[in-house]
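Dear colleague,

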Amino acid sequence: MFTLPDLPYAYDALEPTMSAKTLHFHHDKHHATYVETLNTLLREAGQTPGSLEDVIRQNAGGGPGAKLFNNAAQAWNHAFFWKAMTPDGGKPSGDLDAAIRASFGGLAQLREIFVKEGVAHFGSGWAWLVAEGGKLSVKTMHDAQDTVTNPATTPLLVCDIWEHAYYLDYQNDRKGFLGAWFDALPNWDFAASQLAAANGRGDPWRYATPKALAKSA
Ligand code: FE2
């Protein structure tokens, strides 16, 4: 059974950029439902996977595993999203700052690309900052698509651009949400540790391994 991770901060810690109300709905309802549905589908299929990453990789590509993939990837993406935010993110430094300068020209240019790509993305999905092929880039992905299925890609940050992520606070203003998010919430220390992992120093973030099902008496 996979568990819903707690938020790594208080529900009101990201205000005013992201309200406690949004976080309650987003974490306690949306994310919780993905995890519950994932566990139900695994139970029905008689599967006891060793990791959420395995579930995602084994069910990618559509077909009969599509429901499992969607719920597993959404469980993963949301847990990563919570980790990728912090109330006191500061600014990128060290290797991460150097990589941002080399790949984009600087933080302002990265912000411009991140917001532009996120706004241009049609429909629901995710805006990622990733390390791939020795450089950083911004990618958007649809629905439950994620980075786990591509071993050459290491995610550094992600912003949820499903409407449920911002509608309570910004209504239809996705651009306003993305700009405010980028200015206040990225966890640059987390992004730096992910970049180090991409460069062979340490392990990238992984979803907590599942707890064994309690044996019935
Ligand atoms: Fe979401």
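Where does proline 16 lie? Proline 16 is in the segment before helix H1 (20–45), where helices are DSSP runs of H or I with at least four residues and strands are runs of E with at least two, numbered from the N terminus. The peptide bond that joins glutamate 15 to proline 16 is cis, with omega about 5°.

This is a predicted model, in which local features need pLDDT of at least 70 and side-chain atom pairs count only at pLDDT 80 or more, while totals for chains, interfaces and linings use all residues. Residues are numbered from 1 along each chain as its sequence is written, and side-chain values use heavy atoms, with hydrogens and water left out.

Aspartate 143, in the loop between strand S2 (135–142) and strand S3 (153–160), has a positive phi near 50°, and at 43% relative accessibility it counts as partly exposed (buried is under 20% relative accessible area, exposed over 50%, partly exposed in between, with a 1.4 Å probe and protein chains only). Glutamine 171, in the loop between helix H6 (167–170) and helix H7 (174–184), also has a positive phi near 50°.

Aromatic pairs number 15, counting rings of Phe, Tyr and Trp (its six-membered ring) with centres within 6.5 Å, and calling planes under 30 degrees apart stacked, over 60 edge-to-face and the rest tilted. Tyrosine 166 and phenylalanine 177 are stacked because their ring centres are 5.2 Å apart and their planes at 25°; both residues are buried.

Best regards
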